[in-house]
Amino acid sequence: MKITAADVVVTSPNRNFVTLKITTDEGLTGLGDATLNGRELAVVSYLRDHVVPLLIGSDPHRIEDTWQFLYRSAYWRRGPVTMAAIGAVDMALWDIKGKVAGLPVYQLLGGASRSGLMAYGHASGASLPELFDSVREHQALGYRSIRVQTGVPGLNRIYGIASQSGPADAGAERYDHEPAQRGALPAEEDWDTRAYLRHIPTVFEAVRNEFGPELPLLHDGHHRMTPIQAAKLGKSLEPYDLFWLEDCTPAENQEALRLVRQHTTTPLAIGEIFNTVWDFQSLIKEQLIDYVRAASTHFGGITPLRKVMDYAAQYQVRSGFHGPTDISPVGLAAQMHVGLAIHNFGIQEYMQHGTKTNEVFRQSFTFEDGYLHPGDQPGLGVELDVDEAGKYPYETAYLPYNRLADGTVHDW
Ligand SMILES: [Mg+2]
């Protein structure tokens, strides 16, 4: 079997997506997600100009060899653009292999280790009553685990607060329920870490009082704290028994987590912007984290995601794959197959794509009673409707950024 075509499809139904579609001489096709939120077109060029020409004529069955070829032959390794491009190829080849075998990808990875994947949704509110409503809405949708983000008194615009509640379809001002927004320039938000550190423990105390001790609660610090600030927050949240505290410090400094770990037993999750196993090396080996937040899309696909989880398993570190809406239905499916197969699955982030996105990407997965399952279609279980995708041309969109009161740009 040979690869005869590899097309890069850019579409913006409820948000921008970049999808690689590989076609073989036997007529089989495979899909890969190459979406890099806010920098989408860089990956399009990397694929079209530098990767697709290398794929034509090659054997789609050689997944490991293709991955190593694309990673090593470029000389320039790592980075989100490179790894999103390689990830898309990797996913597409697993998709094809599954279709050849007549099996869902999780079967090729060793078969199911559980009946479903516990998923968490994003509850948020500018105020406590809004937050409580949002938690209840998510529970009504079946979620059994909830991420909690709120406004901070004194700050006008901060991350993680949905402009409309509920993960239903995209509204007029909504960019598929995540912080990026269409427009020529990124939106500017406010930040004050001291105000945040004072406020958040009171939020979790209120949520525990309202919803009781059993509901697993998560929180995302979005890389905004220094190590000692993160340690303080982790400690102050201990009475509220978080499932995890995510991205508490800027992710590129693995050593920062040592200090945080010394001071708190709140479980830690990090890694949504990591691209290779090397970014996790110290964190896993020194058991500085509890959950790997990598995404199939930005980590080079299914092949390396499986490898990092097998490494993490030796240290009782579990998965918590990144699943906002900028991970396309293809990327989400890829990590659902991995999550179902590995023993050390932890939880899966699941924000739910908008209606238009679900019309462009026809999907086989199910979400029932709080649990995801990728379905049993051969391959990844996602098909791209190219005609439908063509209705939604790319639109410039950026993640917001934030400044402190004195105008200093802060970590996003
Ligand atoms: Mg995060």
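1. Two strands are taken to pair if DSSP finds at least two bridges between them; strands (E, at least two residues) and helices (H or I, at least four) are DSSP runs, numbered from the N terminus. On this basis, strand S5 (residues 145-150) runs parallel to S8, joined by two bridges. Arg-147 is the residue opposite Leu-218 in S8.

2. This is a predicted model, in which local features need pLDDT of at least 70 and side-chain atom pairs count only at pLDDT 80 or more, while totals for chains, interfaces and linings use all residues. Residues are numbered from 1 along each chain as its sequence is written, and side-chain values use heavy atoms, with hydrogens and water left out.

3. S8 also pairs with S9 in the parallel sense, over three bridges, and Leu-218 stands opposite Trp-244 in S9. In a regular strand the side chains alternate between the two faces of the sheet. In strand S8 (residues 217-220), Leu-217 and His-219 point one way, Leu-218 and Asp-220 the other, and all are buried (under 20% relative accessible area, 1.4 Å probe, protein chains only; exposed is over 50%, partly exposed in between).

4. Asp-220 (OD), Glu-246 (OE), Asp-247 (OD) and Glu-272 (OE) coordinate the magnesium ion at 2.0 to 2.5 Å. Donors are N, O and S atoms within 2.8 Å of the metal (3.2 Å for Na, K and Ca); water is not among the atoms, so sites may look incomplete. Along the chain the donors follow the spacing D-x25-E-D-x24-E. Asp-247, in the loop between strand S9 (244-246) and H8, and Glu-272, in the loop between S10 and H9, are 25 residues apart and link distant parts of the chain. Both Asp-247 and Glu-272 are buried.

5. Helix H8 (residues 256-263) has Ala-256, Leu-257 and Val-260 as its buried residues. Seen down the axis, these fall within an arc of 85°, so they line one face of the helix; the arc is that of the directions from the helix axis to the C-beta atoms. Their cover includes helix H7 (227-237), strand S10 (268-270) and helix H9 (281-285), contact meaning heavy atoms within 4.5 Å.
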